[in-house]
Amino acid sequence: MPAAWPSPEGAPLVLEGLRTPLARAGTLFAGVPVHELLAPVLSTLVDRAGGSAEDVADVVIGNAAGGGGNLARLAALTAGLPERLPGITVDRQCGSGLDAIVLACRLVQAGAGAAYLAGGAESVSTAPVRGRRRPDGSLEFYRRAQHAPSVAGAAEPTDPDMGFAAETVAREAGVSRERQDAFALRSHARALGAAASGAFDGELVAVRAPGAEDWVTADNGPRARLDARLLARFPAAFVPGGTVTAGNSCSDADGAAATLVAGPGSGLAPRPGCAALAFLGAETVGVDPRRLGLGAAAAAERLLARHGVPAGEVSAIEFNEAFAGQVLACTDRLGLAGEDLDRVLNTEGGALALGHAYGASGAVSVVRLLARAQRLPAGSLCLAMISSAGGIGTAALFATVRTP
């Protein structure tokens, strides 16, 4: 049963959370640079907080596939925020957005500042082509960065591509193709239902691409025509004869998400009648890079054990759905199944439907938790989880707080 958890005195609070629509890479946001995706989210957050960034100490933003520099600073200036905000950009690959929010919470706890804008952003569509110099000075282009050492003669890749690693996790955990397809279908159906009911409306910031007439106001990933028969026709995508397909894997997406994190000395508080998320703690751990999808479960296990909370007592979980098999392997490991799983996990769909915007996805999870918290009693436990390239997992635990 869900537990009621007393919020610690003076805990950092996630007061507001917003995101852009998530668009499949190469579609609606194909011409929008990453800082221009993030800027309207930051400016709208400030407007929601009363229109002044006076209490904001810094902007902390996660990004995984960008070209370097300081995205947080560039986006803050583009958003018209004060020049005094230096910005800091965090790269922990797919976990970057969640780790940026955790960092902001810990900065508040440490007394470094009263309030922070924190989140993540990714434009897969406009991410730079990466290259390195050969000894003769010529350029060698590569698809992705190296995340773990390569070992010559190893029986299996030691720095595998994500899909290959997802296949390994699903096979070793005994997650069948049928379960993966059913979970993917669940994600699409729930995202479509949430969109139709207006569940996403309060968290979305419209964005207009350069030269476009219309504003983008909704996610374009969920597929209304998807059904079990169609999913069963997808071939294995990464390993011959495997169970991981394009249908039960996420699509790459462009998007941005951010939150307003504040402490008791900020003078900021939840809007009347609204819930906030009190930060209870977080864990980031490393696992075998060949089984990188299990990182989220390892982090959640350690975090929940530290707080003495069984997974079944959590009221809401947002877990980035990179691959259905990975999600199910992790929830099996945490002992979540059946009605408990259905009740708490990604109840309005996840990345299998909405898409995975790399460094933004962890922040999207917190924005989604905050939206779901509006319908939960005070003291409800909420958990955000994500696995990252190189064998890393991050989990963050929150409790809902309500004002009269």
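A salt bridge is here a side-chain nitrogen of Lys or Arg within 4 Å of a carboxyl oxygen of Asp or Glu. In this predicted model, Glu16 and Arg48 meet that criterion, with their closest N and O atoms 3.5 Å apart. Glu16 belongs to strand S1 (residues 13–19) and Arg48 to helix H1 (residues 34–48), so the pair ties together parts that are 32 residues apart in sequence. Glu16 counts as buried, at 6% relative accessibility, whereas Arg48 is partly exposed, with a relative accessible area of 30%.

This pair is set within a chain of 11 helices and 12 strands. The radius of gyration is 20 Å, close to the 22 Å that the globule rule gives for 404 residues, so the chain is as compact as a globular protein of that length. Along the principal axes, the C-alpha trace spans about 60 × 55 × 45 Å. Of the 404 residues, 55% count as buried. Among contacts with a separation of 6 or more, residues 24 or more positions apart account for 81%. The accessible surface comes to about 16100 Å², and carbon and sulfur atoms contribute 53% of that area.

The charges can be considered next. The chain carries 34 positive and 39 negative charges, whose mean positions are 3 Å apart. The structure holds 25 salt bridges. One of them joins Arg343 and Asp340 at 3.6 Å, N to O; both residues lie in helix H9, three residues apart, about one turn of the helix. Arg343 is partly exposed at 31% relative accessibility, and Asp340 is partly exposed at 36%.

Glu348 and Arg368 form another salt bridge, in which the closest N and O atoms are 2.7 Å apart. This pair links distant parts of the chain, since Glu348 is in the loop between H9 and H10 and Arg368 is in helix H11, 20 residues apart. Glu348 counts as buried at 9% relative accessibility, as does Arg368 at 1%.

The backbone deserves a final look. Most residues other than glycine have a negative phi. Asn346, which is not a glycine, has a positive phi of about 40 degrees. Asn346 lies in the loop between helix H9 (338–344) and helix H10 (351–354) and is buried, with a relative accessible area of 0%. Tyr358 likewise has a positive phi, near 40 degrees. Tyr358 is placed in the loop between H10 and helix H11 (361–373) and is partly exposed, with a relative accessible area of 21%.

Key. Residues are numbered from 1 along each chain as its sequence is written. This is a predicted model: local features need pLDDT of at least 70, side-chain atom pairs count only at pLDDT 80 or more; totals for chains, interfaces and linings use all residues. Side-chain values use heavy atoms; hydrogens and water are left out. Helices (H or I, at least four residues) and strands (E, at least two) are DSSP runs, numbered from the N terminus. The radius of gyration is taken over C-alpha atoms; the globule rule is 2.2 Å times the number of residues to the power 0.38. Buried means under 20% relative accessible area, exposed over 50%, partly exposed in between (1.4 Å probe, protein chains only). Contact means heavy atoms within 4.5 Å. Accessible areas come from the Shrake-Rupley method with a 1.4 Å probe; for residues, only the protein chains shown count as cover. Lys and Arg count as positive and Asp and Glu as negative; His and the chain ends are not counted. The place of a charge is taken as NZ of Lys, CZ of Arg, CG of Asp or CD of Glu.
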